[in-house]
Amino acid sequence: MKPLLALGLMSGTSRDGIDAALLLTDGETRCEPKGFLSIGYEPDFQARLGEACARATELVRPGPDPLIDAVAAELAGLHTIAVHRLLAATGTPREDVALIGFHGHTIAHKPAPKSGNAGWTWQIGDAALLSTATRLPVIHDFRSADVAAGGQGAPLAPGYHRARSASLGRPIGVLNLGGVGNLTWFTDDAWGSFDTGPGNALIDDWVRQNGRGSYDKNGELAGSGSVAETILTAMLDLPWFDAPPPKSLDRDDFATTAARTLSPADGAATLTAFTAETVRLALGHVPPLARLLVTGGGRHNPVLMAMIEARTGVPTGPVEAVGWNGDALEAEAFAWLAVRSHQRLPLSWPETTGVPAPMTGGTRVG
């Protein structure tokens with residue numbers, strides 16, 4: 001197929017802003033990044049988005065809600081701004097863009113348990129409004145078909161990781177540390193992916209709760225504290241970590257309450273170690289890996305990166321080591337997924353979400 005220029009949009013579980021990326025791709029192995037930018041959310045919108053997420057977790061199923069509906073419309077407006085800014089910054093005529101891949105924002109994720117009961121996932125953002133405002137076709141709702149078929153609905157970036165890493169030596173892992181952590185692993189003849197546990201979410205929440213900003217810049221707070229190993233051990237004593245993959249989780253499935261007796265610095269150190277230990281436990285479910293390439297905001301935290309390498313024993317470094325842009329990778333993935341959805345190619349596989357057979361997905365508007 002002739003490559004298409006697609007624009008991918010990602011609002012991740014860290015709730016810090018929007019990533020927008022242009023990608024020239026055939027939806028297969030040709031993946032040529034053409035531009036990227038991020039726009040941050042203002043604190044008042046971050047608060048409303050957090051409230052919408054809290055509201056969603058109280059509901060049994062997605063449904064109308066005045067606050068959630070208002071935040072969804074705001075999201076569309078902010079994503080429209082991101083689209084226009086990216087096109088202007090790269091000098092790209094709107095007419096050159098074939099598709100927008102719009103992930104929206106996950107406000108609740110309750111995938112099907114192993115018991116076989118129905119699961120659900122909820123991404124908000126008014127795709128029709130975004131399409132009208134940008135005058136471009138928009139593909140959205142990437143996860144629900146997989147969940148309806150019995151898959152976990154996440155993670156969805158592994159297929160793009162496979163396309164981008166085809167020339168790299170095996171065995172290798174791509175670890176995404178956003179609000180939630182997820183791992184894609186590759187050997188010469190096998191691959192898979194699953195959520196590992198919290199990424200940055202618990203650390204960010206702890207820092208905010210203690211009035212130290214919105215995140216632990218350069219891991220400075222954690223680096224000044226000590227890990228409370230007894231509390232860490234108790235936090236790791238959850239059946240979810242022993243469950244075999246594929247598996248996924250919601251950003252708020254874990255809480256910082258176990259660390260509430262600790263000082264701000266010791267709490268940050270312990271929660272940072274918690275993320276590192278969940279990566280170690282995750283590696284117990286996969287073949288031995290020669291290296292971990294880290295994408296997402298967590299790679300900017302040197303304390304977290306050092307803890308992961310020390311606790312796993314696997315050489316760990318940012319994806320920039322192989323020429324990728326770790327800030328753009330997730331947004332690029334949704335551009336790639338949009339092109340695949342347009343072609344009705346699989347977006348998820350039994351190895352990545354546990355869906356019974358390779359599954360396409362996505363809904364087009366405009």
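I looked up the lining of the second largest pocket: it divides into 5 nonpolar, 7 polar and 2 charged residues (Ala, Val, Leu, Ile, Met, Phe, Trp, Tyr, Cys and Pro count as nonpolar, Asp, Glu, Lys and Arg as charged, the others, Gly among them, as polar). The model is predicted; local features need pLDDT of at least 70, side-chain atom pairs 80 or more, while totals for chains, interfaces and linings use all residues. Residues are numbered from 1 along each chain as its sequence is written, and side-chain values use heavy atoms, without hydrogens and water.

I noted 14 lining residues, with Gln123, Ile124, Gly125, His140 and Asp141 nearest the centre of this pocket. A pocket is an open set of points on a 1 Å grid over the protein atoms alone, where a 1.4 Å probe fits, with protein on both sides within 12 Å along at least five of seven lines; lining residues have an atom within 4 Å of a point. Strand β6 (residues 120-124) gives the most to the lining, 4 residues (strands are DSSP runs of E, at least two residues; helices are H or I, at least four).

Next I checked helices α10 (residues 264-283) and α11 (residues 302-312), which pack at about 40° with axes 9 Å apart (axes are lines fitted to C-alpha atoms over the stretch in contact; angles run from 0 to 180 degrees between N-to-C directions). That makes α10 oblique to α11 (under 35 degrees is roughly parallel, over 145 roughly antiparallel, 65 to 115 roughly perpendicular, the rest oblique). I counted 9 nonpolar, 3 polar and 3 charged residues in their contact (heavy atoms within 4.5 Å).

For α1 (residues 43-57) and α2 (residues 66-90), I found axes that come within 9 Å and cross at roughly 135°. That makes α1 oblique to α2.
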